[in-house]
Structure formats: structure tokens, C-alpha cells
Amino acid sequence: MTGLKPSWIDSANAPDTDFPLNNLPYGVFSVDDGDLRCGVAIGDRIVDATGLEAAGILRADPEADVLDAPWWNDFMELGPKVWADYRARLTALLSDGADEQTQEAVITHSVPMAQATLHMPFRVSEYTDFYAGRHHATNVGTMFRGAENALPPNWLHIPIGYNGRASSVVVSGTDVTRPHGQLKGPNDTVPRFGPSARFDIELEMGAIVGTASDGPISVAEAYDNIFGYVLLNDWSARDIQAWEYQPLGPFQAKATATTISPWIVTAAALEPFRTSTPEREKDLLPYLQEPGPMLYDIALDVGLTPAGGDETVIARTNYNEMYYSAAQQLAHHTTCGCPMRVGDLLGSGTISGPEKDMRGSLLELSWGGKEPLTLDSGETRSFIEDGDTLALRGAAQGDGFRIGFGPCLGTVTPARS
Ligand code: MN
């Protein structure tokens, strides 16, 4: 395992920072209502990548100002060779071997993170959400269909998913309005229309496609086409979902909002943390088999903060609990000939672990509301209440450093009357 890469920016060398030199995640920021600019997180600062490009200090493309844009899509379009070259030159500029002149030039093009507002780091082209966590699928299946039919018959063979709405993806910090929908509980004789009473989170990772494809690609090609990862909260209205989902799957229950963390952590930064998917109960068809470890060891947790109260950590788990990697999901997605675009976002599916306190949704944590959670304040929760703030966090732990994502936050506001 590699150690910390030291930077001349001291805050980047703290063992608990999310953003050491080893990370260098890509985001979009503004200061004082100014223009949206591309930035790179390093310690407690943001390096203005748009400014470095304009000044000729660090350019991804000698011809075009690809970072003169409020997203990283144009940079992603340049392909993996440019991604690697840019990352190497950025690392050199920020490493403690950089000369004084370089340091002065870079610091001129940087701002304290505390002064910046973070925005969507990329333009979401399309959004697909999978259902690839075995513990989650088993738990939800047991509640919805009984223990015998918990895992659908296709589950161990196919990474199943549905096409979601790119328009609903928002950045961390955006409030989420409780949705209305058509509801029919087990004791209702007729459906009714009203605010969801079982509004929930789903703890997921989002993989971002950085290289377009047109036709089927292999799992190995899919791995190379993924630019990076974000934390992803797939807000879900369980009461709307339970009534609408058969036979075509989730629709309105999942289209209110999907929140992502503000920094794209690159696949390059996560490389030392690659790990294998679990042992297969049934052999996968050859097109889905991985040539090597393509999942990552990323510790995850979820915090719930009631309005005006303190946070309770309600779940801790790890991305390595997934049954299918993002590369397998992406390869499967292309089998029918479906074109993939730069900026496509693939949600992993809810990440739950084998233990009760490792469950990535309130549906599972409260077992459908039958076993409400007790928060540190003594209050209880079955599902989200108005004013609650939900925070997802994630980090890969290295030797003396961590590759963090920055929080993925959202506060739920009352349904519109
Ligand atoms: Mn989901």
C-alpha cells in the first residue's frame, strides 16, 4: 500500500483530511456569486483549475480551454491518456518538491474551501440505478415478497436496474421536498393521493462514465471507461414504490431527487483500494466475469440529524459488500447495443452489510417501520421526518492518509401544500 504523498499545502498532509495529494478530486465551485469554475480539492483549499488553464500553467488540451466550463465533461471527453497525464502534472505542481515560483503561481489560483460554494461537478447525461447489493435485495425482498421469494430468480445472474432521471440529480446541500404520490397501503381499500409518509434514503456509490461507447463492451473496457465515483443518495418514497412497482419497477418513488457528493474521486485515486466482488453462488456468464478486482474498499456511513438536534450515525458499511462492480454493471448495460455517453451516472444499488447496523436504508434499519430506530437524543425514527438532514460519508483508508469524498447532504422539507 502506498503512503501519503506529501504536499507543500500543509492541510493536505493531515491524516484525517479527505483531500490529500493522493486524492485530487474534481469539482465545480464559485466564490461570492461569481462564475462557476472547475476546481481540485487539496487539503482545506480548492485549486482553480479553470484559472491554471487560462494562465497556461496547467492545460489539459493545448488547443482548447476545456475547463472554461461549469463541468468536467469536456475534460472527460479527452480520454484516459489525458486524464493520467493531467493528474501527473497536477501532482507535480502540488507535491512538496515544487519550487517556490510554482507554489506562488498555484496559490494565486486557489481559494480556501470554506469560502466556496460547491456545484454539480459534471453534467449528468443519463442516470441508471442498479440493485446490486445482496444484503439489501434480500432484506427488501423479504419484506415485500416473503423470505422464500426474497431474491428474484434473475438476481444472481444479472445486475438488474432501471433507467432513472438525469434531471433529478442534485448536488450535496440541496434541500429535498417530500413528494406527493399515489398511495395504497395494505389496509386501504382504494388508492389515495397525498404526501409520502415513508420517505427514505438509499446509500449508494455513483460511477461516472468518462468514455462514450456505442455497442457492447467487455467488463475490462467498462472498467477503463469509468472516470470516477461519487457518493449517491437515491431518495425513495417506499409507500409510493410499494403500490407502483409491479411489473415495471420504480417510477415516481425514485424521481424526486438523487443527491451526489460534490467531488468526483477518480478511479486513478482509488486504484490502491481495488478489491474483488464476493464469491459467486452461481457462475456468471462469461461476458460478466471480471478479469481482476474491480470493486473498491471504501468505508461508508450515514448520519441523521433532526432539525435543531445532533447527529446520530445510523449505519456503517463498505462498498466492498456489492455483488456486482460498476464495471460489470456498465458492461451489462451495453449488451443490447445501448450507447453510453460521457457523463452517464450509474448508481450501484443500496449498500447494506450483513449486520443490522450495516443497512443502507431506513426501510431496512427499521424493518419496514416495525422496529423504529432510537436516535442519540431518545427520539425514534421509522422513516425521514420533515427537517431531518441525512449525510452520507465515505473514505478509502490508506496508510497515513484517506481518500475521502466530502459529505453528501440533504435536508427534507415539508411536502408542498
Ligand atoms: Mn437505488
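Visitor: Is aspartate 234 buried or exposed?

Guide: Read its relative accessible area. Buried means under 20%. Aspartate 234 has 0% relative accessibility, so aspartate 234 counts as buried. Bear in mind that this is a predicted model.

Visitor: Which residues are the protein donors of the manganese ion?

Guide: Look for N, O and S atoms close to the metal. The cut-off used here is within 2.8 Å. The protein donors are Asp129 (OD), Glu202 (OE), Glu204 (OE) and Asp234 (OD). They lie 2.1 to 2.2 Å from the manganese ion.

Visitor: How are the donor residues of the manganese ion spaced in sequence?

Guide: The pattern is D-x72-E-x1-E-x29-D. Take one pair from it. Glutamate 204 is in strand E13 (residues 203-209), and aspartate 234 is in strand E14 (residues 226-234). They are 30 residues apart, so the pair links distant parts of the chain. Glutamate 204 is also buried, at 0% relative accessibility.

Visitor: What angles are ideal at a metal?

Guide: Four tetrahedral donors would ideally give 109.5 degrees, and six octahedral ones 90 or 180 degrees.

Visitor: Now the sheets. What is the order of the strands in the open sheet of 5 strands?

Guide: Read across the sheet, strand by strand. The order is E4-E3-E2-E1-E5, and the pairing is antiparallel. Next, find the edges. An edge strand pairs on one side only; here these are strand E4 (110-112) and strand E5 (116-119). Then check the twist. From one strand to the next, the twist averages 45°.

Visitor: How many bridges do E1 and E5 pair over?

Guide: E1 and E5 pair over 4 bridges, in the antiparallel sense.

Visitor: Which strands does helix H3 lie across?

Guide: Helix H3 (residues 80-94) lies across E1, E2 and strand E3 (45-48). Helix H3 runs at about 55° to E1.

Visitor: What is the phi of aspartate 32?

Guide: Aspartate 32 has a positive phi of about 50°, although it is not a glycine. Now place it. Aspartate 32 lies in the loop between strand E1 (26-31) and strand E2 (37-42). Aspartate 32 is exposed, with a relative accessible area of 70%. Tryptophan 367 has a positive phi too, of about 45°, and is not a glycine either. Tryptophan 367 lies in the loop between helix H10 (362-365) and strand E23 (373-374).

Visitor: Which residues does a cis peptide bond join?

Guide: Read omega, the angle of the peptide bond. Glutamine 246 and proline 247 are joined by a cis bond, with omega about 0°. Proline 247 sits in the loop between helix H7 (238-244) and strand E16 (258-260).

Visitor: Step back to the chain. How many helices and strands does the chain have?

Guide: The chain has 10 helices and 27 strands. The radius of gyration is 21 Å, close to the 22 Å that the globule rule gives for 417 residues, so the chain is as compact as a globular protein of that length. Along the principal axes, the C-alpha atoms fill a box of roughly 75 × 55 × 35 Å.

Visitor: What share of the 417 residues is buried?

Guide: Buried residues make up 53%. For the surface, read the area. The chain exposes about 17400 Å², and carbon and sulfur atoms supply 50% of it. Last, look at contacts between residues at least 6 apart in sequence: 72% of these join residues at least 24 apart.

Definitions and conventions. Residues numbered from 1 in each chain as written. Predicted model: local features only at pLDDT ≥ 70, side-chain atom pairs only at ≥ 80, totals over all residues. Heavy atoms only, no water. Helix = DSSP H or I, 4+ residues; strand = E, 2+ residues; numbered from the N terminus. Buried < 20%, exposed > 50% of the residue type's maximum accessible area, 1.4 Å probe, protein only. Donors = N, O, S within 2.8 Å, 3.2 Å for Na, K, Ca; no water. Pairing = 2+ DSSP bridges. Axes fitted to C-alpha atoms, helices over the stretch in contact; angles between N-to-C directions. Contact = heavy atoms within 4.5 Å. Rg over C-alpha atoms; globule rule 2.2 N^0.38 Å. Areas by Shrake-Rupley, 256 points an atom, 1.4 Å probe, with all protein chains shown as cover.
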